[in-house]
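Student: Could you take me through the reading of this model, beginning with the overall picture and moving on to the packing of side chains and helices?

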Amino acid sequence: EGVGDYALKLAERLGSDHETETIFAAAEPSSVSRVGNFAVLAPLDATVERACANCRGIVLHYVNYGYHKRGLPGRLPSCLRRLREVSHGRLVTIFHELYASSAPWRSAFWLQRWHKSIARKIVRISDARVVSREVMRDLLLHVEPGTAIAVPPVVSTLGDPQLPADTSVCGSPH
């Protein structure tokens, strides 16, 4: 999945650059497993709270449908508040998804108000907010106007392109 790959690449980079252990907390219950510096714990509960005690930071990859089948992870903001209380790090939220929209005969249309409300709560709890595209930034600003939001370059598993030295950019030579 895209969000899982993105989270793993970020965790690998943090681990190699800063010797950081990463704990993944997922929405669905699973057993604890370890792979190198990565621990997988689920769901967001007291186990994760204990693991995050005194951690240097929390990165939330927010996909509302990833935390609840109808996109309504109503308990997530209170879980994040508890994690903030036990940790000493900052909360950085990467918004991969905010809310769904659809025709009035679909549930997403009627649930959008609650999707936005939960996203707004998470925006307010977060110390930093990140989105992958300008359009996502605009949607998030609609949910919570005046919020500082970063739009960094998209992480790629392909690496940077290697251009020949004589290649011109935008029609002009280097």
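**Reading the fold and its core**

Tutor: Of the 174 residues of the chain, 33% count as buried, where buried means under 20% relative accessible area, exposed over 50% and partly exposed in between, with a 1.4 Å probe and protein chains only. This is a predicted model, in which local features need pLDDT of at least 70 and side-chain atom pairs count only at pLDDT 80 or more, while totals for chains, interfaces and linings use all residues. Residues are numbered from 1 along each chain as its sequence is written, and side-chain values use heavy atoms, with hydrogens and water left out.

Student: How many helices and strands are there in the chain, and in what order do the elements run from the N terminus on?

Tutor: Helices (H or I, at least four residues) and strands (E, at least two) are DSSP runs numbered from the N terminus. The chain has 6 helices and 6 strands, in the order α-β-β-β-α-β-α-α-β-α-β-α. If contact is taken as heavy atoms within 4.5 Å, then among contacts between residues at least 6 apart in sequence, 58% join residues at least 24 apart.

Student: Which residues of the largest nonpolar core touch the most other members?

Tutor: In soluble globular proteins, nonpolar side chains tend to be buried together. A nonpolar core is a set of buried Ala, Val, Leu, Ile, Met, Phe, Trp, Tyr and Cys residues joined through side-chain atoms within 4.5 Å. Here the largest such core has 23 residues, and those touching the most other members are Leu 60, Tyr 62, Leu 80, Phe 95, Leu 98, Ile 122 and Leu 140. At least two core residues come from each of helix 2 (46–52), strand 4 (57–62), helix 4 (76–86), strand 5 (90–95), helix 5 (107–125) and helix 6 (134–143), with helix 5 giving the most, 5 residues. Leu 98, not counting residues up to four places away in sequence, touches Tyr 62, Asn 64, His 115, Ala 119, Met 136, Leu 139 and Leu 140.

Student: How many aromatic pairs does the structure hold?

Tutor: A pair of aromatic rings is described by the distance of the centres and the angle of the planes. Rings of Phe, Tyr and Trp (its six-membered ring) pair if their centres lie within 6.5 Å, and planes under 30 degrees apart count as stacked, over 60 as edge-to-face and the rest as tilted. The structure holds 2 such pairs. The centres of Tyr 62 and Phe 95 are 5.7 Å apart and their planes stand at 70 degrees, so this pair is edge-to-face. Because Tyr 62 lies in strand 4 and Phe 95 in strand 5, the pair ties together parts that are 33 residues apart in sequence. Tyr 62 is buried, at 0% relative accessibility, and Phe 95 is likewise buried at 0%. For Phe 109 and Trp 110 the centres are 4.9 Å apart and the planes at 80 degrees, so that pair is edge-to-face; Phe 109 is partly exposed at 37%, whereas Trp 110 is exposed at 55%.

Student: At what angle do helix 5 and helix 6 pack?

Tutor: Axes are lines fitted to C-alpha atoms, for helices over the stretch in contact, and angles run from 0 to 180 degrees between N-to-C directions. Helix 5 and helix 6 pack at about 95 degrees, with their axes 9 Å apart. Angles under 35 degrees count as roughly parallel, over 145 as roughly antiparallel, 65 to 115 as roughly perpendicular and the rest as oblique, and these two helices are therefore roughly perpendicular to each other. Lys 116, Ala 119, Arg 120 and Val 123 in helix 5 meet Leu 140, His 142 and Val 143 in helix 6.
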